[in-house]
Amino acid sequence: MMLVLWLMLGLWCLGWVMGTPKRVRWGAIAALWVAVILANLALPLGHPVRTATGGDARVWGVAALALGVILGYRYILNYLKNSIKLTSPAEAPAAFSDGEVARYARHILLREIGGPGQRKLKAARVLVVGAGGLGSPVLLYLAAAGVGEITVIDDDRVDTSNLQRQIIHRDQHIGMTKVQSAEIAMRALNPFVTVTPHRLRLDESSATMVAAHDLVLDGSDNFDTRYLVNRLCVQAGKPLIAGAITQWEGQLSIYDAAQESPCYECVFPVRPAPGMVSSCAEAGVAAALPGVVGSMMAMEAIKLITGAGAPLRGRLLIYDALYAETRVIVVKRREDCAVCGVSH
């Protein structure tokens, strides 16, 4: 077998010395490869030529298959890279690096996303409110998907009780701010995205921050923040993807008054009285539930950014984990809504 490999190397070097084009050198090596396989198939077992060339055609067949897979993979990567190169300097963002092409190859192969959709993800600026149960899968999947700029807001610190469901945090990060812990995990997952952490609670002064982003995802765990982020998104004309969970049930929808769909307050015009709705700390929550709902929130964000599929505008999805049931309810905009109604 080594004799054949040395012959192949010799053919390559001889061609290089003589200035023979690479395709001719590869052709000569391929011809030798085929001759070796045929010799092992045609000659009797124990024949000196067959013994000198490995003795088994299957060895060379497997080697040829492995080489074909490698060359095919390289060809696909080059094809994908060329398919997402920008055609003019005015298009943003800049062309993808080889590392990004390999990382996002599965996205680029999707007809609904492709190169143009991946460029939109890279150019997107997304604000995520909350780095807890829902924020964990949202942040991880947005970073993994290649969303170019991700801003995360949270004023809390990592606690031992968080680790049962908030998968973006680690045991060694207990006591660290959640935004810092989340940033570490996101940068470790994808160094090609920009993560901006803000340790703060969303308030009226956050209006400028909301307006500076293309999309907002709300994974907060209190009604004050939910109603406030909805109001700020309506004012800025930005779509809001909001999710909520408790015990075994979760829900999510896209609230986008700028596209004539209802806002959060259209669907929930009256906030529950204090004590009427228990928090996760009071009522408990199944560990994987925020992972399911948060992942769906991230999926809706990817669809909105890339234009793929039918987003959840005007529809409220309710997931019952205990009985593995999902319902989708049509929700409508209210003309008398205090936030997005015709009088506002």
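The protein has 14 helices and eight strands in this predicted model. Of its 344 residues, 43% are buried. Among contacts between residues at least 6 apart in sequence, 63% join residues at least 24 apart. Mean pLDDT is 86, and 83% of the residues reach 70 or more. A word of caution applies to residues 86–93, where pLDDT stays under 50 and the model has ten contacts beyond four places in sequence. Where pLDDT is low, the predicted coordinates should not be read in detail.

Leu217 shows how separate parts of the sequence come together: beyond four places in sequence, its contacts are Val126, Leu127, Val128, Val129, Val138, Leu142, Ile241, Met297, Ala298 and Ala301. As a general background, nonpolar side chains tend to be buried together in soluble globular proteins.

Helix H14 also packs against helix H7 (residues 114–123), with the two axes 8 Å apart and at an angle of about 110°. This angle makes H7 roughly perpendicular to H14. On the H7 side, the contact is made by Gly117, Lys120 and Leu121, while H14 supplies Ile302, Ile305 and Thr306. By type, the residues of this contact divide into three nonpolar, two polar and one charged.

Helix H8 (residues 135–145) is largely enclosed by the rest of the structure, because nine of its eleven residues are buried. The buried residues are Gly135, Ser136, Pro137, Val138, Leu139, Leu140, Leu142, Ala143 and Ala145. Ala145, found in this helix, has a relative accessible area of 5%, and is therefore buried. Leaving aside neighbours within four places in sequence, Ala145 is in contact with Tyr104, His107, Gln118, Leu121 and Ile302. Two of these partners, Leu121 and Ile302, also take part in the contact of H7 with H14. The C-alpha atom of Ala145 is separated by 9.0 Å from that of Arg103, although the two residues are 42 apart along the chain. Just after H8, Gly146 takes a positive phi of about 95°.

Not counting residues up to four places away in sequence, Glu100 touches Ala95, Lys122 and Phe192.

Most residues other than glycine have a negative phi. Glu260, in the loop between strand S6 (249–255) and helix H12 (264–267), has a positive phi near 65°. Glu260 counts as exposed, at 62% relative accessibility. Ala324 has a positive phi near 50° and sits in the loop between strand S7 (315–320) and strand S8 (325–330). Ala324 is exposed as well, with a relative accessible area of 63%.

Conventions
Residues numbered from 1 in each chain as written. Predicted model: local features only at pLDDT ≥ 70, side-chain atom pairs only at ≥ 80, totals over all residues. Heavy atoms only, no water. Contact = heavy atoms within 4.5 Å. pLDDT = per-residue confidence, 0-100. Axes fitted to C-alpha atoms, helices over the stretch in contact; angles between N-to-C directions. Helix = DSSP H or I, 4+ residues; strand = E, 2+ residues; numbered from the N terminus. Parallel < 35°, antiparallel > 145°, perpendicular 65-115°, else oblique. Nonpolar A, V, L, I, M, F, W, Y, C, P; charged D, E, K, R; others polar. Buried < 20%, exposed > 50% of the residue type's maximum accessible area, 1.4 Å probe, protein only.
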